[in-house]
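Open your viewer and get ready to select residues by number. We will go from stop to stop and look at side chains.

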Amino acid sequence: MNVLYAIFEADPFIKTGGLGDVGGSLPAAICKEGVDMRVILPKLHTIPEQYRKRMKKVAECTVPLGWRNQYCGVEMLKEKGVTYYFIDNEYYFKRENPYGYGDDGERIAYFSKAVLECLQHIPGFFPDVIHCNDWHTAMIPVFLREHYMELEEYKKIKTVFSVHNLKFQGIYSGYMLGDVLGLHDVKNAADQLKYGDAINFMKGALNYSDRLTTVSPTYAEEICTSWYGEDMEDIFLRRHEVLSGILNGIDVYKHSPGRDKNIVQKYNSTTFKAGKSANKAALQEELGLAVDPDVPLIVLISRLTEQKGLDLITFILEELLAEDVQIAILGVGDKDYEDAFKHFENLMPDKMRACIKFDLGLSARFYAGADMLLMPSRFEPCGLSQMIAMRYGTLPIVRQTGGLKDTVIDCRDGNPEGCGFAFPDFNAHELLFAIKDAAEIYRNDKKRWDALVKYAMKKDFSWKNSAKSYIELYEELI
């Protein structure tokens, strides 16, 4: 079975967020299960030179895009057992940043068309399935159906479209329908891309793809409602039979307290008591907080945006800091949140630290040294931080939404699978009560706390289970 995985980001080549983590991890896990999955992405200027100089040109062609005919080179690189193809076009991709340009719609449309056009020229590989990811590849199923069905080999291709972030859909002027997409005279496409007076790339994929997935089972149900559906809920409801949620994993080799070079003492699920203690003391000292093993150290490691439920935290922070706790924040984002956390740090410098920066090394030390992680998200398609935290023996305190609900089982109702603290409603005091309950167990029932930590550290969040689920989906299709 041959699968082409089309994505705009894949670590270690290009990563601006969680999409890059998925692109860099899932294909390797699927390849290990015996599927010939190859990844195709743009040859962006920001790809490190160490990878660019290893790329080998394997094909070139011309891509028709509206009235344009644009050059397309295809370069190949093998990395950690996975074959990667890179679409080369300096006009579109030789830029200082991956996104943020006035012609992003045209750049994205070009990439989608180039993926399909180059299949006729890549030697030794033709896909049974093309797996597309987010709006950057959303036009592939549309172009496949409307522009390539006259070619016999293309008729057999099946498409899967995965939604990672429904907030970003690729909405552009209706003028692009003809000028860039070349679909102005195709009524079926025009109707299914139409979004008011504009066109919507993601809407096209949701209508045209053979199967739809998103990154957790709960989120797959949530997006069928108006609260989470971002105006696409009617499509998800109509196509519910072909929609599924497959939980993301994490790179368990990379996120491992037994291997992490950023932390002061390595540990595992057997040696965590000494390891956590040493890392907590080191983190408290690094942050300028009192080195005290008995005070719960609660951290937030996040982009500072509304999605992450930060309004709940800022609402209760003064009340929370009146408790015998320490709070540490790591992240950058909206200035209002940055300023709010700095304000509380100035107000209570003996209990609060706000590290307003992006620092991978420090984030590892946060995971290793903290007792609890806050993640009260407004919505969370999957979430990675809660899984990483559990790997490091830091118990998450989360709102039950999306992937948080699927990964963090509340320990307070006696569930033997409890591995954290979870509350249902987007309510500040439900968050506060969950934190207080966690702190109470931490202080007064060490035996239970240690059992929760050990259980959380042993949970399997590897990509192996996700890979098997995707393979089953591909096999059903073909």
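Select Lys155. Its relative accessible area is 43%, so Lys155 counts as partly exposed. Glu152 is exposed, at 52% relative accessibility, because the cut-off for exposed is over 50%. Keep in mind that this is a predicted model.

Next, go to helix 13, residues 335-347. Pick Lys335 and Asp339. They sit four residues apart, about one turn of the helix. Their closest N and O atoms are 2.7 Å apart, in a salt bridge. Is Lys335 buried or exposed? Lys335 is exposed, at 55% relative accessibility. Asp339 is partly exposed, at 38%.

Now select Arg68, Glu106 and Asp179. Salt bridges with shared partners join these three into one network. The structure holds 26 salt bridges.

Move on to Arg95. Asp103 meets Arg95 in a salt bridge of 2.8 Å, N to O. Arg95 also lies over the face of Tyr101, 5.0 Å from the ring centre. With a relative accessible area of 15%, Arg95 is buried.

For another charge over a ring, show Lys446 and Tyr442. The charged end of Lys446 is 3.4 Å from the centre of the Tyr442 ring.

Finish with the aromatic rings. The structure holds 20 aromatic pairs. Take Tyr92 and Phe93: their ring centres are 6.4 Å apart and their planes are at 55 degrees, so this pair is tilted. Tyr92 is buried, at 0% relative accessible area. Phe93 is buried too, at 1%.

Definitions and conventions. Residues numbered from 1 in each chain as written. Predicted model: local features only at pLDDT ≥ 70, side-chain atom pairs only at ≥ 80, totals over all residues. Heavy atoms only, no water. Phe/Tyr/Trp six-rings, centres within 6.5 Å; stacked < 30°, edge-to-face > 60°. Buried < 20%, exposed > 50% of the residue type's maximum accessible area, 1.4 Å probe, protein only. Lys NZ or Arg CZ within 6 Å of the ring centre and 35° of its normal. Salt bridge = Lys/Arg side-chain N within 4 Å of Asp/Glu carboxyl O. Helix = DSSP H or I, 4+ residues; strand = E, 2+ residues; numbered from the N terminus.
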